[in-house]
Amino acid sequence: MDAFKEAFGLIISFDKELYGIIALTLKMSLSSVLISCLIGIPAGVAIGSRNFKGKGLLMKILHTLMGLPPVVAGLIVFLLLSRSGPLGSLKLLFTVRAMVIAQVLLISPIVTGLTASLVAVKTPTILETAAGLRLSRPTKLKLILSENKAPLISVVLTGFGRAISEVGAISLVGGNIQHRTRAMTTAIVLETGKGNFKFAIALGFILIIIAFVINSIASVFRGEGYDYA
Amino acid sequence: MITLENLKKYAGQRLIVDIDRLHIKEGQRIALLGANGSGKSTLLKLISSVIKPDEGQINIKKEKPVYYMPQQSYGFSSGVYKNILLALGKDFKREERRQMAAAALKQFGLEGLKDKRGDRLSGGETQRLALARLMAAPHDLLLLDEPTGAMDIEAEKAVEKAIVDYCKKNSTTLIMATHSPRQALEIADRLILMHEGSVVEDTSPAKLIESPQSQWGKVFIEHKKF
């Protein structure tokens, strides 16, 4: 119980280290999700809204990549960015950028695969209706996005959830360096290992609050609260 | 208006549309009849270019635009009125669009649903919305795929009258797939009966009902109630 009180004290006293970690985590997670969505949503819409040769195989590959273990993604990025790796000259290892790259590798297939599956439900009917009305190509694209708004927001949330809760990949390529690459999840693992539960609890509590706030904002955009009339 | 030549469409190995030649004159109102899987919907999709033929050609006079209502129409999530405005596009002035949309709402009994989301309508309401969207402006060529399948008989009859009036007023060429010989008689001046992708009967409504020439024509008429 004391640990909870102390954790609450850290939160309300705006502990510099605690809030530094939160800021870094949000920056990393939002960047990862933004980049993953910029890649994954257009790709998912393109795959999900039409039938083409090889679609089945492509979806199988995507579904496999959706389950990519974070440590494997971290290892791939580590090998690419390590001094002797092909991208070693960029000197990105143990930086937030490296953490974002690892997360994009993890999250992009999730965003693409989920978008393709969800968009496939309504989009063929939307496109057939729009074609029958002779609507322009930009209008069709706008309709695909607006009519699939709720599932696409869920996709973004899933990506964000994955980004903010991820440990394996970012600890491998980020190194969990204090004030530089320490994120909320890696800090929780470290502080729990050290027996510093108050810091770990404070971080855990804030993680849950962030998830709740983001879900609440998303539900407004999703237009939840159905009109049954 | 439309000429189909050596038209073939396959679904895997199965031939689902196989028409040697079919000519449709300007201003004709055609009912496509046939059992499920006879190729009616596929033929409409081919004419509207939603799908491409595997063989053959579809020639449309002066490449006039084809407006098409699929069997499963989608009501866009904006309001019913906005759905109609969207369909009218930018070809008309703002005030003109508003008047046309309001007239379409009235004609298809959608005034009370004006602000309701298009994706939260019942099946029959969605079909009325789809027709209102399509028929808010005059078109030369209209393809309708079972446009009243989810409607009650009262709404169905009102819609049938609206379709005939629209076609007469705008000299519209109409091709409509239907299961109902009664509806075909009500709307069409030419009946085409399809079986396994081919045209087995192409005649006037009265002739098909009174003396069907093909085996499938007899079977179809016998099994359908009027």
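How many residues does the contact take from chain B and from chain A? The views below are of a predicted model, in which local features need pLDDT of at least 70, side-chain atom pairs count only at pLDDT 80 or more, and totals for chains, interfaces and linings use all residues. Residues are numbered from 1 along each chain as its sequence is written, and chains are lettered from A and ligands numbered from 1 in the order in which they are written.

**View 1. The contact of chains A and B.** Chain B contributes 17 residues and chain A twelve residues (in contact: C-beta atoms, placed from the backbone, within 7 Å). On the side of chain B that touches chain A, β5 (66-69) and α4 (123-135) of chain B each supply at least two residues (DSSP runs numbered from the N terminus: helices, H or I, at least four residues; strands, E, at least two). The largest share, three residues, comes from β5(B).

**View 2. The open sheet of chain B.** Six strands with mixed pairing follow the order β5-β6-β7-β3-β8-β9 (strands pair if DSSP finds at least two bridges between them). At the edges, β5 and β9 (198-203) of chain B each pair on one side only. Strands β5(B) and β6 (residues 141-145) of chain B run parallel, joined by four bridges. Met69(B) is opposite Leu144(B) in β6(B).

**View 3. Helices α3 and α5 of chain A.** The axes of α3 (residues 55-66) and α5 (residues 96-132) of chain A come within 8 Å and cross at roughly 135 degrees (axes are lines fitted to C-alpha atoms over the stretch in contact; angles run from 0 to 180 degrees between N-to-C directions). Residues of α3(A), including Met59(A) and Leu62(A), meet residues of α5(A), among them Pro109(A) and Ile110(A).

Terms used:
Two residues are in contact if their C-beta atoms, placed from the backbone, lie within 7 Å.
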